[in-house]
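Please keep the sequence and the coordinates at hand while reading.

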Amino acid sequence: MPLYYIDLYDNETLARDEFGLELDSLYEAREQAIALLPDLARQGLPDGDSHDYTAVVRCREGRVRYEATLSLRGTWIEAPAYPPTGETSATHH
């Protein structure tokens, strides 16, 4: 069974996959990479209004075979009148 590595980039920070996953195909590795991105974004609030999360699939030989990026872009339309207090935006209505 083929071995694939999925490296994760959080903006410029790399989390290199040292173990790999035995998967049936490159298509399955692609699905795994795409599925990881929303979980990575949910792990914490980004520092700023622009953030990229990237998953890179490498084969056993180290060649990059697939890359997927999830981008978050935020723009204030009307900034709140209160200063940030550490609460998430979901708590403000």
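A residue is called buried under 20% relative accessible area, exposed over 50% and partly exposed in between, with a 1.4 Å probe and protein chains only. By that rule Asp7 is buried, at 2% relative accessibility. The model is a predicted one, in which local features need pLDDT of at least 70 and side-chain atom pairs count only at pLDDT 80 or more, while totals for chains, interfaces and linings use all residues. Residues are numbered from 1 along each chain as its sequence is written, and side-chain values use heavy atoms, with hydrogens and water left out.

**Strands around S1**

- Helices (H or I, at least four residues) and strands (E, at least two) are DSSP runs numbered from the N terminus, and strand S1, residues 3–10, is mostly covered, with six of its eight residues buried.
- Two strands pair if DSSP finds at least two bridges between them; S1 and S4 do so in the antiparallel sense over seven bridges, with Asp10 standing opposite Tyr53 in S4.
- S1 is also joined to strand S2 (residues 13–15) by three bridges, again running antiparallel, and Tyr9 stands opposite Leu14 there.
- The hairpin formed by S1 and S2 has two residues between the strands, and Asn11 in the turn has a positive phi of about 55 degrees.
- Strand S3 (residues 21–22) is joined to S1 by two antiparallel bridges, where Glu22 is the bridge partner of Leu3.

**Thr54**

- Thr54 lies in strand S4, residues 50–59, and is buried, its relative accessible area being 12%.
- Contact means heavy atoms within 4.5 Å; leaving aside neighbours within four places in sequence, Thr54 is in contact with residues including Asp7, Tyr9, Leu37 and Thr69.

**Salt bridges**

- A salt bridge is a side-chain nitrogen of Lys or Arg within 4 Å of a carboxyl oxygen of Asp or Glu, and the count comes to five.
- Asp7 forms one with Arg16, with the closest N and O atoms 3.8 Å apart, and Arg16 is partly exposed at 47% relative accessibility.
- Arg73 and Asp52 meet in another, at 2.8 Å from N to O; this pair links distant parts of the chain, with Arg73 in strand S5 (residues 64–73) and Asp52 in strand S4, 21 residues apart.
- Salt bridges that share partners join Asp7, Arg16 and Arg58 into one network.
- Asp39 and Arg42 meet in a salt bridge of 2.9 Å, N to O, and both lie in helix H1, three residues apart, about one turn of the helix.
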